[in-house]
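Visitor: I have a structure to look at and some questions about it. Could we go through them one at a time?

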Amino acid sequence: MIPFLTLIQREISRFFKVIIQTVLSPILNSFLYLLIFGVSLGSSIQMGSGNNYLAFLIPGLVVMGLINNAFQNSSSSIITSKFSGDIEDIRVAPITHSQIVWAMGIGGVFRGSLVGLITFIVGEIFYYVQNGELLSIAHPFLMLFFTLTGGFIFSFCGIFVAFIAKTFDQLSAFTSFILLPLTYLGGVFISTDNLNPFFKALSHANPLFYLINGFRYSVLGHSDVEILVAIITTLVATVVTFFMARFALLRGSYSRW
Amino acid sequence: MNALEVKNLKKTFQSKDTRTALIVEALKGVSFEIKHGEIFGLLGPNGAGKTTLINSITTLEQPTSGDVFVFGESVLKNPQFTKKQIGVVHQEVINTGFFDVDEILHFQSGFYGIKNNHERIDYLLAKLSLAAHKHKKVKQLSGGMKRRLMIAKALVHSPRLLLLDEPTAGVDVELRESLWKFVLELKNSGVSILLTTHYLEEAEKLCDRVGIINKGQLVYVGQPTEVISKYSTKKINVRTNDGKTYSFIDSAAKPIQEILKEHKISFSDVADIRIEEGKLEEAFTKMVNL
């Protein structure tokens with residue numbers, strides 16, 4: 001158990017060492033999104049559900065902060081280790097592959113949740129200023145469920161991509177061409193109800209759509225998806241990405257960049 | 001029980017170079033063993049398979065066939081046990097950017113299941129002259145300090161088998177001497193050591209036995225003196241009683257009396273004799289070119 005706990009501790013200590021880049025910078029991004037989209041533009045957007053746009057946007061931004069940072073934490077940790085050459089330390093130490101995947105997963109969930117939590121607090125301040133009351137959480141346990149599964153899914157994805165990637169280009173291609181479009185088209189900023197039927201159908205094939213809307217449901221009590229479908233989809237995605245990460249540890253590259 | 005037993009180890013790679021053969025045989029059935037408390041030197045030119053062999057022992061590489069046993073346990077069947085017994089100093093220097101020396105060594109201890117390893121870490125830092133640098137980041141250390149940190153990392157969990165992959169490459173003479181001294185101390189404390197090196201002087205001074213590896217095959221295993229006598233020459237300078245001087249070069253294994261007899265010099269005529277013993281380097285060059 002000590003090797004597993006040590007790896008978790010190292011993963012968390014690592015991002016605290018560069019807290020400006022890993023926590024403060026994402027929070028500033030969320031603050032700007034809330035200010036520009038939520039407050040300035042949001043006042044002219046009418047949501048079909050009766051909520052104001054800021055209430056719609058806050059859960060979306062929390063999930064975006066959560067998944068981006070969970071992904072970044074595990075992938076950056078592995079990539080920097082590939083650069084420095086100490087990736088081999090973990091491979092030759094008596095730590096099992098499952099322990100590595102879970103420890104790095106927990107590190108990612110911790111950083112993602114921290115950014116998500118602070119984004120939520122900043123969102124609450126904006127909401128309070130705009131509406132004179134706080135945005136209440138409809139289903140706290142569901143919120144915890146989607147936070148953990150969302151964090152794990154993207155931490156595991158980060159492990160998978162970082163071990164499989166042979167160059168820095170391959171890693172950034174995943175972020176730019178897969179993660180970013182799926183996030184934006186998954187319903188962070190828009191409700192799929194407003195899309196034409198083709199794009200609406202397409203967005204339903206995006207696994208992130210279920211995570212974002214599941215989380216939104218946990219906060220607002222309603223969203224664009226059936227909550228049971230969202231729960232099952234995220235659970236399946238957690239299992240699938242776990243095995244992808246394990247596969248990457250077995251077959252991926254430990255060689256130095 | 002042997003500290004290490006390598007049994008018919010083979011490793012083939014898919015070549016990345018399309019102009020050459022598709023399959024590269026890095027190890028072609030290597031077998032040898034290291035006895036408890038022994039220093040075994042693995043000598044070989046670049047690309048001979050030394051690092052692949054080390055990587056197969058540490059499980060960084062999966063062998064194509066064969067097996068490696070560490071204190072009787074297979075690295076393929078019981079890696080959790082064998083990994084705990086091994087400390088490894090890799091050839092390339094690491095540059096961990098986030099943590100200082102002390103943190104790195106504590107994390108390393110934790111990876112091997114040891115909490116609060118202050119005493120051992122402080123001992124190693126003092127022993128390797130790193131105590132004054134324990135709060136420095138790796139990038140603030142000199143090349144020699146980084147090497148010593150790597151050795152400290154490999155020793156935090158007091159391994160019974162130490163693998164040193166060219167530990168003194170690029171290290172100045174003074175540091176090399178002090179590392180040799182430390183390696184001998186480790187041996188005396190019961191640690192078994194596998195050392196790969198380019199420096200034949202290092203192998204000659206430290207190793208109980210050496211193995212010469214070339215093109216993925218172990219071509220010789222024996223004591224350094226044995227290798228030298230079999231495969232190198234010695235130079236004999238003789239001055240006879242009548243003031244004449246002679247100089248002969250012959251096999252290091254051949255007795256002096258026999259050499260003198262061949263050159264028709266009686267031992268009673270010899271006023272002075274100087275023998276320059278062969279070097280492992282010469283034997284090594286001869287063997288890899290066989």
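Visitor: Which residue stands opposite Ile213(B) in strand 10 of chain B?

Guide: This is a predicted model. Strand 9 of chain B, residues 209–214, pairs with strand 10 of chain B, residues 217–222. In strand 10 of chain B, the residue that stands opposite Ile213(B) is Leu218(B).

Visitor: In which sense do strand 9 and strand 10 of chain B pair, and over how many bridges?

Guide: These two strands form a hairpin with 2 residues between the strands. The pairing of strand 9 and strand 10 of chain B is antiparallel, and the number of bridges is 5.

Visitor: Which residue takes a positive phi in that hairpin?

Guide: The hairpin is the one made by strand 9 and strand 10 of chain B. Its positive phi is near 50°, and the residue that takes it is Lys215(B).

Visitor: In what order do the 3 strands of the open sheet in chain B lie?

Guide: The edge strands, each pairing on one side only, are strand 12 (245–251) and strand 13 (270–276) of chain B. The twist averages 20° from one strand to the next. The pairing in this open sheet of chain B is antiparallel, and the order is 12-11-13.

Visitor: Which helix gives the largest share of the side of chain B that touches chain A?

Guide: In the contact between the chains, 21 residues of chain B meet 20 residues of chain A. The elements of chain B that give two or more residues to this side are helix 2 (79–85) and helix 3 (101–111). The largest share is 4 residues, and it comes from helix 3 of chain B.

Visitor: How many residues on the side of chain B that touches chain A are polar?

Guide: That side of chain B includes 7 nonpolar and 4 charged residues. The number of polar residues there is 10.

Visitor: What percentage of the residues of chain B count as buried?

Guide: Chain B holds 10 helices and 13 strands, and its C-alpha trace spans about 75 × 50 × 40 Å along its principal axes. A residue counts as buried if 20 or more other C-beta atoms lie within 10 Å of its own. Of the 290 residues of chain B, the buried share is 39%.

Methods
Residues numbered from 1 in each chain as written. Chains lettered and ligands numbered in written order. Predicted model: local features only at pLDDT ≥ 70, side-chain atom pairs only at ≥ 80, totals over all residues. Contact = placed C-beta atoms within 7 Å. Nonpolar A, V, L, I, M, F, W, Y, C, P; charged D, E, K, R; others polar. Pairing = 2+ DSSP bridges. Axes fitted to C-alpha atoms, helices over the stretch in contact; angles between N-to-C directions. Buried ≥ 20, exposed ≤ 12 C-beta atoms within 10 Å, placed from the backbone.
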